[in-house]
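Here's a quick briefing to read with the model open in your viewer. Have the sequence to hand as well.

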Amino acid sequence: MIYAYGICEPGAASPPPTRRGLGGATLRALKSDGVAVVYSRHRSLRPRPSPGLVLAHERVVEAIMARGPVLPLRFGTQLEGEERLAATLAERGDELLRSLERVRGQVELGLRVMPRRRSKPDLDPDERSGRAYLLARAGEHRRATEAARQLHAPLAELAAASVLRQRPAPPAILVAAYLVDAARVAEFRARADEIGARREDLYVVVTGPWPPYNFVTEEHV
C-alpha cells in the first residue's frame with residue numbers, strides 16, 4: 001500500500017524531501033513524462049485525520065511546495081502500488097502539467113470573517129421580549145454578512161482565483177480562499193487589515209500561506 005502526498009515537477013521530487021511521512025515512513029518519488037508524485041510505502045495504513053497525522057501530511061506537502069509548484073493531495077489518498085500510480089500519471093500527464101502551471105508561484109490564503117458581538121442588541125425600552133431580541137440579533141447578523149461579502153470583492157481582485165464557501169459554520173459569516181501570487185501576500189494581508197479596520201462590527205482573520213488545496217479542482221490520483 002502506498003500513501004500519496006502531492007504531485008509536482010520531477011525536480012521538486014528528486015531527491016524526495018528529507019522529512020518523514022506518516023508513521024515515520026521514508027518519502028519516495030515516482031516520475032513519469034514531466035510530472036512526479038511524492039509518496040511513502042506502508043505494509044498497512046488506515047489513516048484517520050488526527051492532528052498529528054494531518055500535520056505530518058501537511059509538512060510533506062509544504063516541503064514539496066518549497067521547491068516548486070505542487071498539487072496537494074487530500075489527506076488519506078492511498079493506492080494499491082506503484083504500478084497503479086505510474087499508470088495514473090501516464091494517463092493524466094497533460095492535465096497535471098496544466099494544473100501545475102496554473103499554481104506556479106501561487107499560494108493559498110484563507111479568510112475568515114466573524115461578527116464582533118455587542119453585549120446587547122439595540123432595543124427600544126418597550127421591546128424587551130425574546131422575539132424582539134432574536135429579531136434584533138438576526139438583523140445584526142444580516143448586516144454583518146452583507147459587510148463581509150463587500151470585503152470579499154476587493155480581496156478577490158488581488159487573487160488569480162478565489163473560492164467562497166457557502167453556508168460557513170457559525171460563528172463565521174464568511175469563509176473564503178484565495179490563490180495569490182507569493183510576491184503579493186504582504187499586499188493582500190495589508191488590504192484585508194485596511195478594510196477590516198474600517199468595520200467595528202467585523203473581526204477579520206487571514207491565514208496562510210498554504211499549499212493550494214482549494215484550487216486543485218479534481219482528484220488527480
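Two strands count as paired if DSSP finds at least two bridges between them. Helices (H or I, at least four residues) and strands (E, at least two) are DSSP runs, numbered from the N terminus. With that in hand, Tyr 3 stands opposite Ser 40 in β3. What you're looking at is a predicted model, where local features need pLDDT of at least 70, side-chain atom pairs count only at pLDDT 80 or more, and totals for chains, interfaces and linings use all residues. Residues are numbered from 1 along each chain as its sequence is written, and side-chain values use heavy atoms, with hydrogens and water left out.

**Around β3**

- Strand β1 (residues 2–8) is joined to β3 by 6 bridges, and the two run antiparallel.
- Strand β2 (residues 27–32) is also antiparallel to β3, again with 6 bridges; here Arg 28 stands opposite Tyr 39.
- β2 and β3 make a hairpin with 2 residues between them, and Asp 33 in the turn has a positive phi of about 50°.
- β3 itself (residues 35–41) is largely enclosed by the rest of the structure, because 6 of its 7 residues are buried (buried means under 20% relative accessible area, exposed over 50%, partly exposed in between, with a 1.4 Å probe and protein chains only).

- Gly 93, Leu 96, Ser 99 and Leu 100 are buried in helix α4 (residues 93–102).
- Those residues cover an arc of only 125° around the axis, so they sit on the same side of α4 (the arc is that of the directions from the helix axis to the C-beta atoms).
- Turn to the other side of α4 and you'll find Asp 94 and Arg 98 exposed.
- What do the buried residues of α4 pack against? They pack against β1, β3, β4 (70–72) and α3 (82–91), where contact means heavy atoms within 4.5 Å.

**The open sheet**

- Another 4 strands form an open sheet in the order β7-β8-β6-β9, with antiparallel pairing.
- Its edge strands are β7 (161–164) and β9 (202–210), each pairing on one side only.
- From one strand to the next, the twist averages 20°.
- β6 and β9 are joined by 7 bridges, and Glu 108 has Trp 210 in β9 as its bridge partner.
- Helix α6 (residues 185–197) lies across β6, β8 (174–181) and β9, running at about 170° to β9 (axes are lines fitted to C-alpha atoms, for helices over the stretch in contact, and angles run from 0 to 180 degrees between N-to-C directions).

**Gln 106 up close**

- Gln 106 is in strand β6 (residues 106–115), and at 16% relative accessibility it counts as buried.
- Its side chain reaches the backbone nitrogen of Asp 181 at 3.0 Å.
- Skipping neighbours within four places in sequence, Gln 106 is in contact with Ala 160, Leu 179, Val 180, Asp 181 and Ala 182.

**Nonpolar cores**

- A nonpolar core is a set of buried Ala, Val, Leu, Ile, Met, Phe, Trp, Tyr and Cys residues joined through side-chain atoms within 4.5 Å.
- The largest one has 19 residues, and Leu 111, Val 113, Leu 151, Leu 155, Tyr 178, Val 180 and Phe 188 touch the most other members.
- β6, α5 (130–156), β8, α6 and β9 each give two or more residues to this core.
- There's also a second, separate core of 16 residues, including Ala 4, Leu 30, Leu 71 and Leu 89.

Definitions and conventions
A polar contact is a pair of N or O atoms within 3.5 Å; within protein, one must be able to donate a hydrogen and the other to accept it, and residues adjacent in sequence count only if both atoms are side-chain atoms.
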